[in-house]
Every structure is written in structure tokens, then in C-alpha cells.
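Q: Hi! I'm new to this one, could you walk me through it?
A: Happy to, let's take a look together.

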Amino acid sequence: MTEPAQSPRLEPGPVDEGTDAGEGDGKGIYWVLKNVLLGPPVRRVFRPKVEGAEHIPLTGPAIIASNHLSYADWIFMPLVVNRRVTFVAKSDYFVGGGLKGRFQRGFFKGTGQVPIDRTGGSASEGALKAGMKVLQRGELFGIYPEGTRSHDGKLYKGRTGVARLALEAKVPVIPCGVIGTDVVAPPGKVVASLASPTVKFGEPLDFSRYDGMEGDRLILRAVTDEIMYKIMELSGQEYVDLYATKAKELAGRAVTGAPKKVRKAE
């Protein structure tokens, strides 16, 4: 077993103990959920397997880029990592009403997740800024480059935000392949099977050779494609060179029989 990779390139900034949710708080609640309330029973029931955990740095910032098969991904992947992994979460989870809303709000705020409004045109920009703050604190930031869950188990083209964040923050990217969560919790179901999912981590990817090129779209695409290739190797998924959102749209039209949009002649 090799020594865990270190992340020496981005010095963690000072942590403000008085910041709002998503700005570094909630560590105590996160520890209780993971090690006392939620983690132990999930481990006993599902027995998740992990490979390559030694690739997670013991200290310092890094991006964990994973495939996305199920809502359960954000439970099982962080569960097998000794450090806290912060994701962006829909802002809806922080403003809901009723018993469910209060539970969601308390859970996401308590675990320090970052709220992001996904309805506006600046959603991706907001996610990048949130991720940068997490990395500047010297923490782990989790991201799903596909941008949404796969509807059919295939791996889809990655959005270049992960590359831009890696180059701007000057941190390594740890590819992650999650297997079997779509069997445990397929779309539309909370739990459908007690199968054991597997989480695989690859060696950290260093993109320091592209320093200063985060504004080059071709470089961002090349970096993203390299990350997605590593995720494909880990997950064993079939890769489709198409954005997941477009693939879902086409699949929906095929089911409903809706006609394809036709471009007007030049």
C-alpha cells in the first residue's frame, strides 16, 4: 500500500469559526452523523466496499471527481473517506418547510454543505466559487462532472467546471468510480436492494503542467476528458460522448414520441 498522496500546492486559508452554513461549520454534527447515528447502521446493512482509499490525502485540499448513478452516491462515497467531503447542494434543501423541510435544512446546514441556486444562469459560477472556498480551507470538495445523475447507468461527457476549478485552485483531482448505488437506490426509490456498493479511488491527477491556462477552452476540455477517462476505468461504465442532460432529453422524446427539434435552414 502506497502512502496517501499529499496536496502541497494550495495553502489552506484561515477558518472563520463564525461563518454561515457551508463555510466550514457543522463538523461536530457531521462526525456524529457519520460515526454514531447514520454511518454505523449503513455500514452494517449495506457493507460498502472501498478500493484505493490510500489515494485520499491525509491533509490539504483536493477535488474528488465522481460518476453519479444515484442520490445514494453522496452517502456511500463520503462514508468510506476518513475526512469530510463537502458537496454543493440545491438551495431548495435549505429553505423547505414542514417536518421534512426542517430535517433537510438541519441536515445540510449541520454537515456544512454548500447551498447553490441551480435555476439561474450563474449556478455553475456559484458552484465554482463555493468549491474554491472549500479548497482554500484545505478541505476536500466533491463534484460530479456529469452535472446530473445518469439515467441509464452509462457515463456521460463531463462539464469543464471541474477542470477550471482544479487549475485555478492548483489542487489535484482524485477520480472516483462508484459502482452499484443505482441498484441500491434507483431513480424514484429510496431503497430497492441491500446490495453492497463499491467505491474506487484512483491516483491523484496532477495538472500543474497547465498552470495559467484555465482560460483556454481546449485545455479545459482536455483536462476534463482525462478525468472522465479515469472515472470510466474505475467504474467500468460505457462512456457516451454526450452531455447527460441532452441524453435524458433524447430518451424522453423517444418514450413520448415527441419530434426532434429541427434547425431552420441557414
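**A first look around**

A: Let's start with Lys170, which is partly exposed, with a relative accessible area of 32%. One thing to keep in mind is that this is a predicted model.

Q: Okay, and where is Lys170 found?
A: Lys170 is in the loop that runs between α6 and β8 (173-179). Its phi is positive, about 60°, although Lys170 is not a glycine.

Q: What about Arg47, what's its phi?
A: Phi of Arg47 is near 50°, a positive value in a residue other than glycine. Arg47 belongs to the loop between α2 (39-46) and β1 (49-51).

Q: Is Arg47 buried or exposed?
A: Arg47 is exposed: its relative accessible area is 60%, and the cut-off for exposed is over 50%.

Q: Switching to the inside: how many residues are in the largest nonpolar core?
A: That core has 28 residues, and Ile63, Phe207 and Ile227 have the most contacts inside it. Elements that each supply at least two of its residues include β2 (62-66), α5 (123-136) and α8 (217-235).

Q: Which residues does Phe207 touch?
A: Leaving aside residues up to four places away in sequence, Phe207 touches Leu167, Val173, Val223, Glu226 and Ile227.

Q: And what's in the second core?
A: The second core is separate and has 15 residues, among them Ala62, Tyr144, Cys176 and Val178.

Q: Now aromatics. How many aromatic pairs are there?
A: The structure holds 2 of them.

Q: What about Phe87 and Tyr144, how are they arranged?
A: Phe87 and Tyr144 are stacked, 5.4 Å centre to centre and 15° between the planes. Phe87 lies in the loop between β3 (85-86) and β4 (88-90), and Tyr144 in the loop between β6 and β7 (155-156), so the pair ties together parts that are 57 residues apart in sequence. Phe87 and Tyr144 are buried.

Q: Last one: what sits over the ring of Tyr243?
A: The charged end of Lys157 sits over the Tyr243 ring, 4.9 Å from its centre. The charged end of Arg159 also sits over the ring of Tyr243, 3.8 Å from its centre.

Key
Residues are numbered from 1 along each chain as its sequence is written. This is a predicted model: local features need pLDDT of at least 70, side-chain atom pairs count only at pLDDT 80 or more; totals for chains, interfaces and linings use all residues. Side-chain values use heavy atoms; hydrogens and water are left out. A nonpolar core is a set of buried Ala, Val, Leu, Ile, Met, Phe, Trp, Tyr and Cys residues joined through side-chain atoms within 4.5 Å. Buried means under 20% relative accessible area, exposed over 50%, partly exposed in between (1.4 Å probe, protein chains only). Helices (H or I, at least four residues) and strands (E, at least two) are DSSP runs, numbered from the N terminus. Contact means heavy atoms within 4.5 Å. Rings of Phe, Tyr and Trp (its six-membered ring) pair if their centres lie within 6.5 Å; planes under 30 degrees apart count as stacked, over 60 as edge-to-face and the rest as tilted. A charge sits over a ring if NZ of Lys or CZ of Arg is within 6 Å of the ring centre and within 35 degrees of the ring normal.
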